[in-house]
Amino acid sequence: MKQGVVILACGLLVLAAAGCGSSSSSSSGGTTTEESSSGGSGGGQKTIAGVNANDHGTKAVEDNGKTEVELDDYYFEPTVLEGKPGEKVTLELKNEGKTVHSFTIDSEGVDQDVQPGDEAEVSVTIPKSGMVSFYCKFHKSSGMAGALAVTGSFVWLAVVSTLARMIVYAVTIAALPRAPRPRRLRTVHHVIGAAGILVCVWAMAQADTKAWVTLAALAAAGLALYALARLRPVRAG
Ligand SMILES: [Cu+2]
């Protein structure tokens, strides 16, 4: 019985750790930026949300009022704008270059031209997760692009998945057999276990399809290990 509990706890540990780990890492995939060696207009180039962009930094949007975005030859500054998931933001676009630029987001129906030395305002929405790409329709091929992103989504998910694993470790350690051990799991163990499962469910709710496929593969591996452990039970020590 005790060994059954331990094997079950270990199986759950594998499932939970794998599931939470995969959901956080693949969710971060959308916000990953990659350095590239080729230089852009002063700031170096990055792949941002799948688009090659001249990188001029990341900035959080203003909580109240407008967020200023400089359009120049040929970059956006800041290049990545971070805000809360689903937050509506007003951007004040300033063209400080010598040629006309646009601020364009296909998925949000935003397409604003700004003449040299001119200003314009657009309303945009921070995505629920990951990144949404914006670009200048005249100079996208020159790397004039950027993205709206969710603030620290990767860090937050990493913290939550680590927390989930620690909770599962705690309940696993608590379930380890001790000799003699008159009682079975106590209420506190069930509470800790339930908290761990809730955190895992929350973390998995942030995951996309790719993460679920990964989770399914890892869950199958976890179940196989569990079945193997059942076939060859641990000898009582
Ligand atoms: Cu442009």
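**Close-up views of a predicted model**

**View 1. Isoleucine 48 faces valine 51 of strand 3.** Strand 2 (residues 45-48) and strand 3 (residues 51-54) run antiparallel to each other, paired over 4 bridges. Together the two make a hairpin, with 2 residues between the strands.

**View 2. Alanine 49 sits in the loop between strand 2 and strand 3.** As a rule, most residues other than glycine have a negative phi. Is alanine 49 buried or exposed? It counts as buried, because it has 23 C-beta neighbours inside 10 Å and the cut-off for buried is 20 or more.

**View 3. Two cis peptide bonds, one from aspartate 73 to tyrosine 74 and one between glutamate 77 and proline 78.** In general, most peptide bonds are trans. For the bond from aspartate 73 to tyrosine 74, omega is near 5 degrees; for the bond joining glutamate 77 and proline 78, omega is about 0 degrees. Look for tyrosine 74 in the loop between strand 5 (67-72) and strand 6 (75-77). Proline 78 turns up in the loop between strand 6 and strand 7 (80-83).

**View 4. An open sheet of 4 strands, in the order 6-5-8-11.** The pairing in this sheet is mixed. Strand 6 and strand 11 (119-125) are the edge strands; each has a single partner strand, so one side of each has no neighbour in the sheet. On average, and ignoring direction, neighbouring strands here are turned by 30 degrees against each other. Zooming in on one pairing, strand 5 and strand 8 run parallel and are joined by 5 bridges. Which residue of strand 8 is the bridge partner of glutamate 68? That would be glutamate 92.

**View 5. The largest nonpolar core, with 28 residues.** Leu71, Met144, Ala147 and Leu148 have the most contacts inside this core. At least two core residues come from each of strand 5, strand 6, strand 7, strand 8 (88-95), strand 12 (131-135) and strand 13 (145-150). Strand 13 gives the most, with 5 residues. Now for methionine 144: leaving aside neighbours within four places in sequence, its contacts are Asn54, Tyr74, Tyr75, Phe76, His101, Tyr135, Cys136 and His139. Another core, of 8 residues, lies apart from the largest one, and includes Leu157, Ala164, Val168 and Cys200.

**View 6. Helix 3 (residues 187-205), with Gly193, Gly196, Val199, Cys200 and Ala203 buried.** These buried residues fall within an arc of 125 degrees seen down the helix axis, so they line one face of helix 3. In an α-helix there are 3.6 residues a turn, so residues three or four places apart point the same way. The face turned away from the buried side of helix 3 carries the exposed residues Thr187, His190, Val191, Ala194, Leu198, Val201 and Ala205. As a quick length check, 19 residues at 1.5 Å a residue should span 27 Å, and the end C-alpha atoms of helix 3 are 27 Å apart, which agrees.

View 7. Of its 237 residues, 32% count as buried. Among contacts between residues at least 6 apart in sequence, 65% join residues at least 24 apart.

Methods:
Residues numbered from 1 in each chain as written. Predicted model: local features only at pLDDT ≥ 70, side-chain atom pairs only at ≥ 80, totals over all residues. Pairing = 2+ DSSP bridges. Buried ≥ 20, exposed ≤ 12 C-beta atoms within 10 Å, placed from the backbone. Contact = placed C-beta atoms within 7 Å. Core = buried A, V, L, I, M, F, W, Y, C linked by C-beta atoms within 7 Å. Expected span 1.5 Å × (residues − 1). Arc of directions from axis to C-beta. Axes fitted to C-alpha atoms, helices over the stretch in contact; angles between N-to-C directions.
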